[in-house]
Amino acid sequence: MFDRLSPVLLDSSTWIRQPAHTAWLKARGEDLLLFSRKGQVDGGFTGLDLTGQLPPKAAAEATLTARCAHAFAAAALKGIPGSAALSQHALNGLRSTFQDTEHGGWRHYADKPQERKQAYLHAFIALAASSATVLGLTGAQELLHDATTCIEQHFWSEDEGVMRESFAADWSDEEDYRGANSNMHSTEAFLALADVTGDTKWLHRALRIVTRFVHELAASQDFAMPEHFDRNWTLLKDYHHDQPTHDLRPYGMTPGHFVEWSHLTLKLESALLRHGLHAPGWLLHDAQSLFETGMHAGWNTDGKPGLIYTIDWDHKPHVSARVHWAQAEALTAAILLYKRTGNTQYEEWYRTIWDYIDTTLIDRTHGSWFNEVTPEGIPSETIYQGKADLYHAYQSTLAPLMPAAPSLVTALRATQSLSE
């Protein structure tokens, strides 16, 4: 099942039907790819500073390397020269630099063997492996097997229908925490795994995650997504109150995640139907509600454009920095909702968000997008250091022209084959 409304059936004034806009998306994507090549280091990829240079003592990072494996695999399927080699370099790093040969699984830094094993990272390993498998890279199927085995043995909680959060390096000492962020990215990975392996158990698992976090937990908060729970599912409202700018688990709630869950919920609906499975009727309603709450609580709430980083429990701004990934996920949700419903308010949001990104986040001096800016649009580094990595921004240049299902890389393979 693809989008209910094909882009060719939408009004001719729609941006995604305009050749100039599709050319603009392609150019912005190629700019991002060119910039991110500079993050290639021994063993994988690392982040770059605000001027696009390697920071002192730059070392490969596993999450960023996995994201680059995925993104460059997508670029290779679009026929961008050099991308397959870059994806292969990232894949090789995941199979050597970061893999724990003693205990299994992956660590974030090669020189920190005692750090905890995180569900968040392992979701990206699985996503990277699935994308590399579609591209046919050397070692991709082995990585896919290792990643899915690790998820099955350690992270997936069949009783709860969610991912466990983290463990000590030897898989002891499970963390007393259940988090929305890692489960959100696991949902994305599971959609890709279903396409690549053909095993619909990954769709059933994605549905269980979305049912709990979206249809139960977010619905109980008027479709604002609560992020932090203990293992007994007690909401931790004061979690990280002393770390409001934490990069993965900040205090309060994150409107950017509301809209990211929104488009993943739409993609799940489409994926279930495409595989001939039952798609609950609430999926569309909940996706729309998440988007509405996210944009209402997060956009222009302090009198300035852009989606803010976090809100408190009264839906008031808490950390007002604008982070790049939130804008990217919002526009993806907006255009998928438009293609799903035909409601022009979503296309208006799509235009508004791209206007903000173009005028405020795209750095036409040094390249890429600013990772974060102040409400006034001044580059800052209170949450994230350096420039944005490739993953969120590049996907936002591809998703508007792709169907909701299959997953992004699988859809690219299919659409490229049709154009040949």
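View 1. Take the contacts in the protein chain (heavy atoms within 4.5 Å) between residues at least 6 apart in sequence: 65% of them join residues at least 24 apart. This is a predicted model, in which local features need pLDDT of at least 70 and side-chain atom pairs pLDDT 80 or more, while totals for chains, interfaces and linings use all residues. Numbering starts from 1 along each chain as its sequence is written, and side-chain values use heavy atoms, with hydrogens and water left out.

View 2. The protein chain has 13 helices and eleven strands, taken as DSSP runs (H or I, at least four residues, for helices; E, at least two, for strands) and numbered from the N terminus. Here strand E9 (residues 308-311) runs antiparallel to strand E10 (residues 317-323), and three bridges join them; strands pair if DSSP finds at least two bridges between them. Look for isoleucine 311, with proline 317 of E10 opposite. Five residues sit between the two strands of this hairpin, and in the turn histidine 315 shows a positive phi of about 65°.

View 3. Of the 420 residues in the protein chain, 60% are buried (under 20% relative accessible area, 1.4 Å probe, protein chains only). The protein chain exposes about 16,000 Å², 49% of it from carbon and sulfur atoms (Shrake-Rupley method, 1.4 Å probe).

**View 4. The extent of the chain.** Along the principal axes, the C-alpha atoms of the protein chain fill a box of roughly 55 × 50 × 50 Å.

Key: Buried < 20%, exposed > 50% of the residue type's maximum accessible area, 1.4 Å probe, protein only.
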